[in-house]
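Reader: I would like to walk through this structure with you, one question at a time. Shall we look at it together?

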Amino acid sequence: MLELINVTRKYGDVVAVNDVSLTVAKGEFFCLLGSSGCGKTTILRMVAGFEKRTSGQIILNGRDMGDDPPYCRDVNTVFQNYALFPHMTVFENVAYGLRIRKCNTAEIGTRVMEALGQVRLSGFEERRPDQLSGGQQQRVALARALVNRPSILLLDEPLSALDKKIAEQTRLELTELQRRVGITFIYVTHNQTEALALADRVAVMHNGVIEQCGPPGEIYEHPKTRFVADFIGSMNFLDGQVTTATDRGCRLRLAERWDVEIDKASPVAPGNRVLYCLRPEQLRLSLLPARDFENSVPGVLRRKVFEGDATLYLLELANGQMVTVSQNNYIARLARDFYELNQEYLLLWSRTSGEIIRA
Amino acid sequence: MRNPLRIRELHLLLFPPALWLILFFGLPLLIVLFFSVSRQDVYGGIAPGFTLEHYRRIADPLYLVILWRSLVMAAVTTVITLLLAYPTAYYMAFAPPRTKLILMFLVILPFWTNFLVRMYSFMTILGADGVINTLLLKLGLIHEPLSLIHNTFAVYVGFVYGNLPYMILPIFAALDRMNTSLLEASMDLGAGPIRTFWRITLPYSLPGVAAGIVFVFIPTLGNFVVPEILGGADDVIIGNVINRQFLASRNWPFGSALSAVLVFGLMVFISVYIRRYDPMGKKQLAAV
Ligand SMILES: Nc1ncnc2c1ncn2[C@@H]1O[C@H](COP(=O)(O)OP(=O)(O)OP(=O)(O)O)[C@@H](O)[C@H]1O
Ligand SMILES: [Mg+2]
């Protein structure tokens, strides 16, 4: 439905968006995720028509939008600062798009009321934007865009100005609302929790490039690049070299000293260097080898960080590298596991865990 | 946004300006009021005794015509100034920062020269052997000098010129604090540039416009210098009449009565106006 083909945007020498291609399906909740300055807003503004592309095509419903001005595009935006019209009431703000489209008064009335109902703001019609809380303003901005029933709704960090509790609550409402109205959402955020929780698909951006695009589970479980692995959640990286490889699995030599077997196809031929990525929750600490955790490496426990539901254990390996292990406190207590600082332990993990990435 | 100071403490801040206003505005106004109901002494001073005769004299058609003409002139001046100032302020507000600074400097530049001097300089521009006439004659576009000075036209030129900065600056201030995302939101919702201007930009800048109107209309109404220097014999407005009562005719009580009527008329106008148009931008400021 929306397709970007080799879209590039340069500001002088700065390449804000570099040869980006992506497809968003109808009704999808699509997230652009990336750290500050990676070009998320620029992509959104090009789709909305506020920014011209340097090259490439932006196709909506089979038609290249070219350099159409924003007011000719079947796309609406929820701005990061909401951009509500201060001199209009909530009702007039929401009615704005319909009035411009010259809908009749009766239809405007019903549709505005419906939209305000959808964002749970019935009864606020006569207020002015400065008489609303941040969360309420955000919902007016949402209603103002939704009421036009656009093909695509663009949201630029719509929750970033809200405090954590309200942001979490609004996040839940947003997914429900999106399911209900069935409008395609393109949602920009630098908050990975938000992206993973909300999206049907996430595109992780870095330096104007899309590093990886897929469902949240896939992004989390199978990162394809070092940036994605590092950016999403926390990750331990172990240097390694592929010694043998089959299409079912491979053997790695980690840090030039430990041989491990992994049930993952290697992305490179034997002899090449790779990064082996393990999440803290995939690792176990133990004094003895365990049956379900085929791979083990020795290390000394250096620090414990209590995090409430879990504890992080920082283990120093023989090559000096620190590895983080996360263990659930409740389960550890049931198993009467207790770990002492400066004691040697085995770092255990299953041969099905972890991802192998080109170095 | 709430001020952390308590109201009582805030009131203290008002004390020095309040004192100033009482001394130099309230007191003179009372004196004028007192003069306006006093008798005229033969030498032009104030004689004891109460009378309303001066107020009765204002009702003379002669003065009513002048008062009406003054109102019309001030209104026309305000409208022309507004029409010239708005596009300028708009351009300034949306210009790149450097250009903005330069333009602001240019708008303020005339204040460095005395107002009277600037008005006299119009003589060398508009006069029979002034810059414009000389140029047009040299070019052969006219064969006799146009009469550009000592008429109503010249008074308007002077008024509009002198008042432009007072109209440009408040409108500029209003437009300058407008977030461009409001314009983007309007376009995003389907409005083209023209409808965006009428529905968003203009309403947003109205407090600035309202302030500009006050800043231009009121001083123009009381101005006597411009008609004196640039106007003809008929271009007498209320300011000139008052001026003459105090100086040439030496009729202080009548001059005071005229002043009092003008001042109270304006006070009524402003208090109604502020309530209606919010020129101080209270609502807008709260929304930003
Ligand atoms: N008008 C502009 N002129 C020059 N450079 C710009 C302009 N707009 C954006 N850039 C640059 O383009 C890059 C991408 O900007 P963009 O606003 O898309 O980032 P972003 O991913 O939205 O970041 P954030 O999370 O901070 O909002 C940045 O390096 C930025 O400095
Ligand atoms: Mg951004």
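Author: Gladly! Contact here means heavy atoms within 4.5 Å, and please keep in mind that this is a predicted model.

Reader: Which three residues supply more of the area that chain A buries against chain B than any other three?
Author: The three together supply 29% of the area that chain A buries against chain B. They are Y71(A), Y96(A) and I100(A).

Reader: Which residues form a salt bridge between the chains, and how far apart are the closest N and O atoms?
Author: The count between chain A and chain B is one salt bridge. R45(A) is the partner from chain A, and E184(B) is the partner from chain B. A salt bridge needs a nitrogen-to-oxygen distance within 4 Å, and the closest N and O atoms here are 2.8 Å apart.

Reader: Turning to helix α5 of chain A, where do its buried residues fall, seen down the axis?
Author: The buried residues of α5(A) are A167(A), T170(A), R171(A), L174(A), T175(A), L177(A) and Q178(A). They pack against elements of chain A including β3 (29–34) and α3 (105–118). On the other side of the helix, K165(A), L172(A), E176(A), R179(A) and R180(A) are exposed. The buried set lines one face of α5(A), because seen down the axis these residues fall within an arc of 165°.

Reader: Is N207(A) buried or exposed?
Author: N207(A) lies in the loop between β9 (201–206) and β10 (209–214) of chain A. It has a positive phi of about 50° although it is not a glycine. With a relative accessible area of 57%, against a cut-off of over 50%, N207(A) is exposed.

Reader: Which helix has the lowest mean pLDDT among the elements of chain B?
Author: Chain B averages a pLDDT of 88, and helix α8 (residues 152–176) of chain B has the highest mean, 95. Over residues 284–288 of chain B, however, the pLDDT is below 50. Where pLDDT is low, the predicted coordinates should not be read in detail. The lowest mean, 46, belongs to residues 282–287 of chain B, helix α14.

Terms used: Residues numbered from 1 in each chain as written. Chains lettered and ligands numbered in written order. Predicted model: local features only at pLDDT ≥ 70, side-chain atom pairs only at ≥ 80, totals over all residues. Heavy atoms only, no water. pLDDT = per-residue confidence, 0-100. Helix = DSSP H or I, 4+ residues; strand = E, 2+ residues; numbered from the N terminus. Buried < 20%, exposed > 50% of the residue type's maximum accessible area, 1.4 Å probe, protein only. Arc of directions from axis to C-beta. Buried area = accessible area lost by both parts, 1.4 Å probe. Salt bridge = Lys/Arg side-chain N within 4 Å of Asp/Glu carboxyl O.
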